[in-house]
Amino acid sequence: VYLRYGMIIVDKPPGPTSHEVVAWIKRMLGVSRAGHGGTLDPKVTGVLPVALERMTRIIGTVMHSSKEYV
């Protein structure tokens, strides 16, 4: 039940794409829907918010919020 309204904050390592990370999370948790709040280049590391199931509705808000890259 909690996964339907969950969000996971991933410290993405260099290598995988953001889409690959989301696919891994879906497979590991057995959820049907997941979406990330911003694309990180495969070569970079960084924070990747991943919304699960019903929380995917808020991804638009995350995408349009201010972000800072260092």
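Biologist: I'd like to learn to read this fold, starting with the helix. Which strands do the buried residues of α1 pack against?

Modeller: They pack against β1 (7-12), β2 and β3. Keep in mind that this is a predicted model. A residue is called buried when its relative accessible area is under 20%. In α1 the buried residues are Ser-18, Val-21, Val-22 and Ile-25. Seen down the axis of α1, these residues fall within an arc of 100°, so they line one face of the helix.

Biologist: And which residues are exposed on the other side of α1?

Modeller: Exposed means over 50%. On that other side, His-19 and Arg-27 are exposed.

Biologist: Now the whole chain, please. In what order do the elements run?

Modeller: From the N terminus on, the order is β-α-β-β-α, giving two helices and three strands. Of the 70 residues, 34% count as buried. The accessible surface comes to about 4,900 Å², and 60% of that belongs to carbon and sulfur atoms.

Biologist: How do the strands pair, and how many bridges join β1 to β3?

Modeller: Six bridges join β1 to β3, and the two run antiparallel. As one place to look, Asp-11 stands opposite Val-47 in β3. β2 and β3 also run antiparallel, joined by three bridges. There, His-36 has Val-50 of β3 as its bridge partner.

Biologist: Why is β3 described as largely enclosed?

Modeller: In a regular strand, side chains alternate between the two faces of the sheet. As for β3, six of its seven residues are buried, so the rest of the structure largely encloses this strand.

Biologist: What about the loops? Is Glu-53 buried or exposed?

Modeller: For a single residue, compare its relative accessibility with the cut-off of 20% for buried. Glu-53 has 17%, so it counts as buried. You'll find Glu-53 in the loop between β3 (46-52) and α2 (59-64). Check its backbone as well: phi of Glu-53 is near 45°, a positive value in a residue other than glycine.

Biologist: Which residues does Ser-32 contact, leaving aside neighbours within four places in sequence?

Modeller: Contact is a matter of heavy atoms within 4.5 Å. By that test, Ser-32 touches Lys-26 and Glu-53. Ser-32 sits in the loop between α1 (18-29) and β2 (34-36), and at 54% relative accessibility it counts as exposed. Ser-32 and Leu-52 are 20 residues apart in sequence, with their C-alpha atoms 8.4 Å apart in space.

Notes: Residues are numbered from 1 along each chain as its sequence is written. This is a predicted model: local features need pLDDT of at least 70, side-chain atom pairs count only at pLDDT 80 or more; totals for chains, interfaces and linings use all residues. Side-chain values use heavy atoms; hydrogens and water are left out. Helices (H or I, at least four residues) and strands (E, at least two) are DSSP runs, numbered from the N terminus. Buried means under 20% relative accessible area, exposed over 50%, partly exposed in between (1.4 Å probe, protein chains only). The arc is that of the directions from the helix axis to the C-beta atoms. Accessible areas come from the Shrake-Rupley method with a 1.4 Å probe; for residues, only the protein chains shown count as cover. Two strands pair if DSSP finds at least two bridges between them.
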